[in-house]
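Here are my notes for you to read alongside the model. Take them one point at a time and keep the structure open.

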Amino acid sequence: MRFAPTSRLVVLLFALAAGAAAFGLYAGPSWGYLGAAVLALIVVADLWRGSRDRVPPASETEQIVRLTELRPSDFVVTHRFAAGARRESFRVAIGFPPELGARVVVQRAANPAEVQRLSWHLCPTKRGRIRGVSIRFEYSSPAGLWLLRYQRELPADFRIYPNLMAEGRGTARHFLPRAAGQRAVRGAGRGREFEKLREYLPGDGFDELHWKASAKRSRPVTKVFQMERTQEVLAVVDASRLSARSSGGRAPDRPVLDRFVPAALALIAVAQRQGDKFGVATFDDRIRAFVGTGSGRVHYGACRDALLELQPSDAVPDVAEIVRFLRTRVRRRTLMFLFTDLSDPVLAEDLLRYGRLLTPPHRVFIGQAHTSEVAPLFGGAPVRADDEVYARLAGHLRWKELRAVARRLRPSGVTVVPLHSATMASDAIQHYLAARRKMV
């Protein structure tokens, strides 16, 4: 407990000190000392009585508070007084950090009941995890001479998740129920999952023959395949120094990693709705987090928590180590979607050297973050100022370099797809759905 004097006590001390001094000069110093002692006794007694009667209630809240970035939400704290405890009016404040976007920090309970519920309006502004938030209570002493303050830690773990609907209709339509008139489209190809054996028919290829069954039955037998009922999708997010670059677009002050994380979460969320297995991996100079492919809400929560506190690092990506890890841990055929930035020539050369080790059996997409500045020279609106010509030339040269890297990666089975900063999640989902229909 801490205590602080109120303005009433300060005014009272000045007034009584002046009166005691005047009375002491008139009646003698002994009477002045006696008056000061009586005043000190009153002040100390008021503090003692307040500390005995003003006992703060127990604060209860959810242990895990899940919030969404830029989405308003109410945080409720229940204050419960002990049986027979004296209930006095109090002020309560919570030390919310700026990332939670609390409009009101201090509230007052004028007529507290045995169970008091107070609500705070929050609108988080940044993805992450926040713990160690303190709550403070303030009481007035019976005579109003002291402010009694108590502080304790709230048993709450704030988890702020990215807002997957920040792009509007482009992303939201993938999470809506199937509308009238839509139908499922069968994937192309014969599939790779074995279904059954049947007798040989003219036109069947030699690669479809089951040689052991044919030898056993003394006649040709053909294998019948079906389309895979479930695909496997792995979102791989680059958290190296390249991810700290500006994302451009509507939020130029935010790193591009803050665009990669919502896009990766939206991708695996759509994969879950499609019935596919999904997982995530993050890396810088090594694998920082890896959640293998699986399904279900619990598995999606594990993937979401793996990306929750991801922040850019100063490390240089080690592509050889990343490819070795993925090649070792991911055995089944998987669609890997890598969110990174190919503007670094060292990273591009390493992907050209080691990317072919993943294909086959996997299919690899590299999502390259694009901004409006990186575009062909004669594309877009006409130039309005002389300085804009140089910016257009720089953007054209960067666009040409990225296009050359994509052309060199294509023979090794690695596809580079552009992801615009404003529509990164919806672009990634579109490429995933198009590739899912073609995977055999």
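This is a predicted model: local features need pLDDT of at least 70, side-chain atom pairs count only at pLDDT 80 or more; totals for chains, interfaces and linings use all residues.

1. A hairpin takes you from β15 to β16 through 3 residues. The two strands run antiparallel, with 5 bridges joining β15 to β16 (residues 287-294); strands pair if DSSP finds at least two bridges between them.

2. Numbering starts from 1 along each chain as its sequence is written, and side-chain values use heavy atoms, with hydrogens and water left out.

3. Back to β15 (residues 277-283): 6 of its 7 residues are buried (under 20% relative accessible area, 1.4 Å probe, protein chains only). β15 also runs parallel to β14 (residues 232-238), joined by 7 bridges. There, E232 has K277 of β15 as its bridge partner.

4. Now find D350 in helix α8 (residues 345-354). Which side chain of opposite charge is nearest to D350? That's R353, 4.6 Å away, and buried D350 has no salt bridge (a side-chain nitrogen of Lys or Arg within 4 Å of a carboxyl oxygen of Asp or Glu; Lys and Arg count as positive, Asp and Glu as negative, while His and the chain ends are not counted).

5. Zooming out, the protein chain has 10 helices and 19 strands (DSSP runs: H or I of at least four residues for helices, E of at least two for strands, numbered from the N terminus). Buried residues make up 43% of its 440 residues.

Key:
Buried means under 20% relative accessible area, exposed over 50%, partly exposed in between (1.4 Å probe, protein chains only).
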